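Here is my note for a colleague who is starting out with structures of this kind. Please keep the model open beside the text and look up each residue as the points come.

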Amino acid sequence: MAVLWAATFAVMSAGCGFERATGNAMGTTYSIQADCPGSLANDRIDAELARLSALMSTYDANSELSRFNRGPIGVARPVSPELVDVVDAAFVVSEQTRGAFDATVAPLVALWGFGADAARRVPVDKEVAQALRSVDYRRVAHNRDPPTLEKLRPATLDLSGIAKGFAVDRLAGLLDDARCRAYLIEFGGEIRTRANAPGGGPWRVGVESPSGQDNVTTLLFETDALATSGDYRQYRESDGVRVSHVIDPRTGYPVRHRLASVTVVADTAMMADAYATAMLVMGEVEARGFAGEMGLAALFVVRADGGFEMFHSPAMVPYLEGG
Ligand code: ADP
Ligand code: MG
C-alpha cells in the first residue's frame, strides 16, 4: 500500500485547541490535526482503521474481501454494507473511466510483483494475456439490500486504489461525530480537511515533485477531500526498468508514461482516490480530457527534460495558491 504522499503543513500557533495524532494502519501511516471539544482519541482512530482493514485489506487473509476472493463462483455472499459501498463506488468509476479503474485488476497486480500474492519475476506476454482474461468488473455482482457480493465468473478484487480514501472519509465522520471544529486527516496520501488550519487560514497541502525532494506547488483548502496517485514512490525496478504498481486493466501492463502524479479534489476522499488512480492509468492526454468532461479538479505533474511540468484542469484553479 501507499506511503505518505502529499506532505502536509500547518503552522501550529500557540494557544489554539489543535491536537495531533499519528499512527500506522494498512501498511501506511496516518496523521491527524484536529480541534475537538475533548481530546483526540487515538484508540478510536486505530480501532476504526483496524475494523476497515478487517473488511477490505487484501493483506489480511481473513478480511471479508480476502474470504470473498477465495470463495466460490455463483454464490451471493453476505458481506458488510460498507464493503458493498466501496465496491459500488469502484464500479461506478470503472464505468465512467471505461475500465481505466478496475478493482478486479488483482491478478495483474500480483503478476507484476505487487500486493499480498506478489510474483517474483517479470511475467511473459502470455501470462499477462492469461491474467487479463479475468479482469473485468462486470464479473462481480453486488447488491445492497441485503448486502452481498457475487462472482458471476472467476474474479479477484483489490480495493487498494480506493479503500484508503474511504477510510479517510470514515475518520472524518468520526471527528464530525465528536464535534471537532476543524481538522486535517491524512492517511497514505489521501486527505480530508474541515474549516481552517491553526491560526485561521486555509489548510495548505504541498504536492511533491517527482524527485520527492521539494513541492511543485501548494494547494489551499477549507472543507474538502483530496487524493494523489503517483508512480514515483511505489514501484520496483526490473532490469533497470521501473515497474509501476498502477496497472492499465485495458492492456494488462503497468503504466509507463510521462505522467508522474495526479492530484484530485472531490466531495469525498474515496472518489478522489479512485479518480486519481484512474487518471494515472489514462496518461496526460486522456486524463486531461476526462477531467474536463467530468468537471473534476485535477492537477497533473508530468516528467519533462531534466525536471517536470505541471498543469491543471479548470476546476482546480480555486485551490491553487495565488490562483
Ligand atoms: P497508492 O496506494 O499509492 O495511494 P493508488 O490509490 O493509485 O495508490 O492505488 C494503487 C493500488 O491500486 C495498486 O497498488 C493496486 O493494488 C491497485 N491498482 C493498480 N492498478 C489499478 C487500476 N487500474 N484500477 C484499480 N486499482 C488498481
Ligand atoms: Mg487511488
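Does arginine 98 count as buried or exposed?

1. Arginine 98 counts as exposed, because its relative accessibility is 62%. The terms used here follow the relative accessible area: buried means under 20%, exposed over 50%, and partly exposed in between, with a 1.4 Å probe and protein chains only. This is a predicted model, in which local features need pLDDT of at least 70 and side-chain atom pairs count only at pLDDT 80 or more, whereas totals for chains, interfaces and linings use all residues. Residues are numbered from 1 along each chain as its sequence is written, chains are lettered from A and ligands numbered from 1 in the order in which they are written, and side-chain values use heavy atoms, with hydrogens and water left out.

2. The backbone deserves a careful look at arginine 98, where phi is near 50°, a positive value in a residue other than glycine. Arginine 98 sits in the loop between helix H3 (81-96) and helix H4 (106-111); helices (H or I, at least four residues) and strands (E, at least two) are DSSP runs, numbered from the N terminus. Alanine 195, although not a glycine, also has a positive phi, of about 55°, and its place is in the loop between strand S8 (190-194) and S9. With a relative accessible area of 25%, alanine 195 is partly exposed.

3. A further backbone feature to check is the cis peptide bond that joins aspartate 145 and proline 146, with omega at about 5°. Proline 146 is found in the loop between strand S5 (140-144) and strand S6 (147-151).

4. Which atoms coordinate the magnesium ion (ligand 2)? They are Gly161 (O), Asp273 (O), Asp273 (OD) and Thr277 (OG1), at 2.0 to 2.5 Å. Donors are N, O and S atoms within 2.8 Å of the metal (3.2 Å for Na, K and Ca), and water is not among the atoms, so sites may look incomplete. Along the chain, the donors of this magnesium ion follow the spacing G-x111-D-x3-T. Aspartate 273 and threonine 277 are 4 residues apart in helix H7 (residues 269-282), and therefore about one helical turn separates them. Aspartate 273 is buried, with a relative accessible area of 4%, and threonine 277 is buried as well, at 13%.

5. Around ligand 1 there are 19 residues, of which the closest are Asp158, Ser229, His245, Ile247 and Thr277; a residue is near a molecule if one of its heavy atoms lies within 4 Å of it. The shell divides into 9 nonpolar, 5 polar and 5 charged residues, where Ala, Val, Leu, Ile, Met, Phe, Trp, Tyr, Cys and Pro count as nonpolar, Asp, Glu, Lys and Arg as charged, and the others, Gly among them, as polar. The largest share of this shell, 3 residues, comes from H7.

6. How many aromatic pairs does the structure hold? There are 6 of them, a pair being rings of Phe, Tyr and Trp (its six-membered ring) with centres within 6.5 Å; planes under 30 degrees apart count as stacked, over 60 as edge-to-face and the rest as tilted. One of the pairs joins phenylalanine 18 and tryptophan 203, whose ring centres are 5.8 Å apart and whose planes stand at 75°, so the pair is edge-to-face. Because phenylalanine 18 lies in strand S2 (residues 18-25) and tryptophan 203 in strand S9 (residues 203-208), this pair ties together parts that are 185 residues apart in sequence. Both phenylalanine 18 and tryptophan 203 are buried.

7. Tyrosine 275 and phenylalanine 290 form a tilted pair, at 6.1 Å centre to centre and 50° between the planes. Tyrosine 275 belongs to helix H7 and phenylalanine 290 to helix H8 (residues 284-294), so parts that are 15 residues apart in sequence are tied together.
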